[in-house]
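Please look at the sequence and the 3D structure shown here, and then read the notes that follow, which are arranged by topic.

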Amino acid sequence: MAREDPQLRKYPSGIDPAALGEVERNVPAGEAPPLAPNADLAWIGKSVARINGRAKVTGAARFTVDVKLPGMLHARLARSPYPHARLASLDLSMARLHPGVRAALPINETVGRAVETAAEGKPPSTRRVLYVGDIVAGVAAATPEAAQEALRLVRAEYEPLPFVTDLETARVDGAPQVFDGRVRGGGFTDGMAAAAGIAQRGNVRGPNTSGSRGDAIAGLAQADVVVEGEFRTQVQTHCCLETHAVVADWRADGLTVYMSTQYTAGVRSELAHAFGLPLSAVRVVVDAMGGGFGSKSGAGNYVRAAVALSREARAPVRLVLDRREEHLDSGNRPATVQRLRVGARRDGTLTAIALDTYGTAGVTLGAGVGNFAQSIYDCANFAIAQSDVFINAGPASAMRAPGNVQGAYALEQMIDELAEKLSMDPLALRDRIDPSAVRREERRAGAERFGWSRRRAPGFDSGPVKRGIGMAQSYWGANVHTNASCEVRILRDGSVELLSSVQDIGTGIGTVLAQVVAEELGLRPEEIAIRIGDTDFPAGPPSYGSLTTASITPPARNAAHRALRKLFDAVAPALDAAPESLVARAGRIATADNARSVSFREAAAHLRTESIGAVASRSDDYGGFGRKMGDMASAKSALGGVQFAQVAVDVETGIVRVERIVAAQDCGRPMNPRQIESQVHGGVLMGVSYALYEERILDRHTGHVLNADLEHYKIARSRETPEIEMVLLENYQGTSATDAYGIAEPSNIATAPAIANAVYNAIGVRVHRLPMTPSTILAALGRMPAGSALP
Amino acid sequence: MKRFELISAADVPAAAQARSVTVADAMRTKGGRPATDAVVLKAGGIDLLDLMKEGLLEPGRIVNLRDIPELARISEEPDGTLRIGSMVTLAQLAADPAVRARHAALADAAGRSASPQIRHVATIGGNLLQRPRCWYFRSLHHHCARKGGTTCFAFAGENQHHAIFGHDGCAIVHPSTAATALVAFNASVELFAAKRGTRVVALEKFFLGPSQDLSRENDLKSGEILTAVVLPPARPGMRSAHLRQGELESFDWPIADVAVVIEVEPNGVCRRASVVLGAAAPVPYRAKGAEAALVGKRISEDAARGAAVAAIAGAAPLGKNAYKVPVFEALVRRAILDTARTA
């Protein structure tokens with residue numbers, strides 16, 4: 001174990017056991033030695049129980065909403081009731097006079113929305129609100145009731161302006177304009193790069209054709225078969241069970257923010273910048289978290305409001321969004337309309353993919369459909385044209401595989417249709433066009449587990465309830481954040497701690513870190529104290545992009561390795577051995593021949609200081625990244641994922657039930673199969689819910705969201721939960737000290753199209769829109785009463 | 001939520017002295033905040049708290065009926081009439097052996113309402129008197145006709161969950177699933193008032209459509225207390241079935257809800273039929289055409305199909321709820337056939 005360089009090392013490589021081999025890598029000095037495949041390890045790759053599981057089920061876990069500080073005030077935000085209006089005046093004097101109120105401030109923060117340049121010749125206008133729920137003011141009071149009552153005393157005068165909340169209406173010339181001037185960027189960019197120099201006409205910004213390659217027109221002309229279709233997806237909201245929450249504590253010596261966030265270190269730098277503080281004067285803390293799904297990636301406007309109120313009131317301020325605010329103004333997945341044409345030769349070889357898409361992220365950019373169609377299949381000719389359409393609705397934000405969930409829904413149905421036109425099995429067609437080795441194995445293993453060979457012709461069942469099966473694939477980058485550090489300390493009493501600002505969004509990264517450190521030190525996971533979610537510790541990565549495990553487990557292992565080397569140095573004389581000859585195993589430090597040993601605790605007693613430690617940060621992937629921009633990088637090989645669905649469709653009521661999903665997934669070296677399964681269950685459930693139930697409903701006459709609750713905003717619940725089975729591959733690549741990648745997003749991409757393809761197989765009619773409600777299904781089946789409007 | 005006074009009534013006469021107004025009256029405004037001095041009655045409190053949290057109702061005093069034990073009992077009279085106290089919970093009703101044996105459709109309707117947690121708190125009285133779930137009605141920002149405004153926003157707006165029958169000025173659907181079954185069983189309600197004592201009204205007459213009164217769903221008067229639901233005895237050859245379809249199977253409002261009660265002669269011919277549709281109209285909707293189509297026939301696939309077609313005759317879907325018409329047709333047909341499988 002303690003063997004030092006040479007730096008040219010051999011790593012396990014390939015899919016275990018189908019194609020396990022070795023790869024040689026040139027690695028930087030100080031990296032922990034190669035890890036054996038999981039079967040030969042003590043803790044990594046084992047289903048170790050969640051270290052905070054007991055705390056969570058007993059209610060002991062501390063979420064941000066549980067944080068209570070002495071003298072803490074309660075804040076509420078005044079929000080626009082108009083979808084588009086000029087804020088003519090704002091009078092907070094009455095609110096300030098209300099008993100218990102300690103601060104009331106206008107709030108003009110507009111992060112998360114598109115940045116507009118003033119139209120030429122127009123003076124800088126007064127504040128305009130752009131959607132129902134746009135924040136205009138904040139109050140902080142001694143009690144939540146006093147804050148709520150003070151909101152009623154905020155006197156805001158609005159001059160309503162024409163507005164548009166319907167995607168199609170917004171595209172028409174002469175539609176009410178959301179932005180006066182040109183939009184030059186802003187918003188979240190995961191769905192589509194907010195490239196500069198994109199044309200803008202009215203509310204439509206686009207098309208953005210970047211990513212196109214070859215000649216799609218010529219490719220379509222060369223095709224033996226062309227399939228085409230238009231697919232529509234809805235706005236989905238994140239629905240975090242713990243709504244967005246913060247306690248901001250502004251003091252003379254610095255700012256501490258307790259926040260339900262996916263990125264403590266990112267929020268720290270955002271707030272330092274926003275409030276003119278050095279990084280060292282801002283501390284961000286999160287313990288347990290009730291979900292984020294992309295919507296808690298940054299500080300946002302509400303946290304800025306809470307900090308400003310705390311500064312004004314000179315007291316800690318708690319601000320927790322209510323369920324309505326959560327739906328209106330904490331982000332969402334944009335709606336899209338995707339027109340696809342796919343051409344192929346008789347043998348299935350793709351000659352062209354042409355994708356014309358527009359969508360709306362409300363008042364921001366980011367309604368693109370990701371890199372799915374661009375990347376997943378071999379196809380020389382690819383044309384893409386993407387446009388953002390602005391409407392007067394709350395801004396979108398990243399949401400679990402932003403862009404690719406929408407993109408996969410359309411393309412994977414189109415490929416299913418192509419297979420039928422070519423009289424090919426959908427798996428056989430993908431074997432032809434899909435270059436990914438890992439997805440090939442997932443198709444094989446998944447089909448075997450699922451029983452794909454039982455698939456029958458579309459619309460086979462004769463009764464009113466028709467069963468069908470379908471499959472679809474996932475594409476997602478194996479992402480890494482290189483600004484990811486942690487420290488491992490060994491203390492004189494033999495205790496061990498890991499420190500990093502990395503946060504547990506709920507996926508269980510703390511447990512995985514304990515496994516990694518325990519593996520390296522020859523201890524048990526419960527012997528490692530995991531101290532995370534606090535920017536007083538070395539800065540960890542964000543928990544988005546499915547990159548947390550890939551980014552922080554290699555430094556954790558390397559830090560443990562380096563700390564252990566220091567322990568070896570300290571104990572070597574007592575064992576009468578060279579430090580390099582020592583090994584840590586089963587709680588003991590021993591000579592290589594096991595002739596002499598001491599317990600880990602006895603070894604630690606030899607330390608000259610109270611503790612020793614090492615800080616490590618994420619090295620580049622061995623062999624390099626495929627792509628790197630700033631702190632963000634992607635491995636050379638993307639992640640796979642193939643899902644199979646069985647549905648039952650009642651053609652008289654239009655009710656679709658998902659009965660079974662088999663998810664064949666990969667994430668490099670699996671670190672904790674039980675936690676991975678938990679992620680896959682979450683991804684599949686979210687996909688089922690997206691496919692069948694969820695949709696934000698905006699009233700086109702008043703601009704209000706009508707289902708900003710969990711009553712009319714429908715989400716899959718217990719009885720909507722299908723049987724979910726996971727087939728998990730071990731895919732070794734020898735790219736880092738742990739070789740681990742992510743799972744959260746890939747498990748959410750293939751579900752909706754697999755269900756849509758299964759619905760087609762059940763009823764013999766292809767459904768082109770989400771969610772597949774009874775209304776949508778009955779309309780597709782032509783069972784609506786004559787003369788009635790389509791949904 | 002505004003501060004309010006919560007008092008407990010020891011018995012029905014005491015509650016009747018409380019000068020309460022109906023929730024509908026306490027909510028109606030010309031715009032702006034609702035009255036803040038109203039006294040209202042509280043049963044399980046499920047709907048009341050919802051309305052208060054949304055700021056749609058701000059009573060000054062709430063009179064709790066939960067400490068009146070005689071309201072929480074189901075009793076049977078010598079002729080087999082069941083008297084269901086208004087504070088009987090939906091869970092209690094769904095589990096009651098007499099109800100399950102003789103009024104299967106009611107047990108099913110009560111047992112499939114809301115969620116298990118709610119069914120253990122929600123009462124049958126509160127369930128019948130709850131206000132509609134229309135999202136415009138429940139929005140503080142939409143001062144609709146039912147709340148004292150002038151517009152029904154649903155007609156030109158988002159009406160996928162709204163009425164396909166009887167939407168005369170307002171397109172709500174009645175929210176009670178239990179009511180669908182109770183109307184099919186010809187149940188009545190007992191209403192107590194301090195000076196007058198008890199009056200008994202057939203449930204079907206008790207509910208008011210928008211053409212009768214746009215701002216309330218029933219004929220409860222201010223000061224009155226709904227004390228019991230009276231369920232007539234089972235008749236010879238009586239069979240019933242209830243089917244409810246939500247977009248979700250768990251905890252969701254129905255998009256279609258059907259209760260069928262039939263009486264068959266020993267020779268299998270249908271003597272009487274009740275076919276009632278819930279989530280179809282502002283009141284539980286009696287499908288008279290379907291009832292007529294069944295009488296004098298044996299229950300068969302054909303008879304059920306004919307009755308189902310008759311049930312949806314005259315449906316007037318709005319812009320986005322036409323899908324409910326075929327769903328009702330399927331559910332009526334299936335519920336009629338289901339009666340052959342139940343007693």
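In which order do the 3 strands of the open sheet in chain B lie? The order is S1-S3-S2 of chain B, and the pairing is parallel, where two strands count as paired if DSSP finds at least two bridges between them, and where strands (E, at least two residues) and helices (H or I, at least four residues) are DSSP runs numbered from the N terminus. The model is predicted, and local features need a pLDDT of at least 70, side-chain atom pairs count only at pLDDT 80 or more, and totals for chains, interfaces and linings use all residues. Residues are numbered from 1 along each chain as its sequence is written, while chains are lettered from A and ligands numbered from 1 in the order in which they are written.

- S1(B) pairs with strand S3 (residues 61-64) of chain B in the parallel sense over 4 bridges, and Glu5(B) stands opposite Arg61(B) in S3(B).

**Chain B as a whole**

- Chain B has 13 helices and 12 strands.
- Its radius of gyration is 20 Å, close to the 20 Å that the globule rule gives for 343 residues, so chain B is as compact as a globular protein of that length; the radius is taken over C-alpha atoms, and the rule is 2.2 Å times the number of residues to the power 0.38.
- Of the 343 residues in chain B, 56% are buried, which is said of a residue if 20 or more other C-beta atoms, placed from the backbone, lie within 10 Å of its own.
- Among the contacts in chain B with a separation of 6 or more, 65% are between residues 24 or more positions apart, two residues being in contact if their C-beta atoms, placed from the backbone, lie within 7 Å.

**Domains of chain B**

- Chain B is divided into domain 1 (5-66), domain 2 (69-129 + 174-231) and domain 3 (238-339), with bounds that come from an automatic or database domain assignment.

**Where chain B meets chain A**

- 26 residues of chain B are in contact with 29 residues of chain A.
- Helix H13 (residues 324-339) of chain B gives the largest share of the side of chain B that touches chain A, namely 4 residues.

**Strand S21 of chain A**

- In strand S21 (residues 350-360) of chain A, 10 of its 11 residues are buried, so to speak mostly covered.
- Strand S20 (residues 335-344) of chain A pairs with S21(A) in the antiparallel sense over 10 bridges, and the bridge partner of Ala344(A) is Leu350(A) in S21(A).
- S20(A) and S21(A) form a hairpin with 5 residues between them, and Gly348(A) in the turn has a positive phi of about 100°.
- S21(A) is also joined by 7 bridges to strand S22 (residues 382-389) of chain A, and these two strands run parallel.

Notes. Buried ≥ 20, exposed ≤ 12 C-beta atoms within 10 Å, placed from the backbone.
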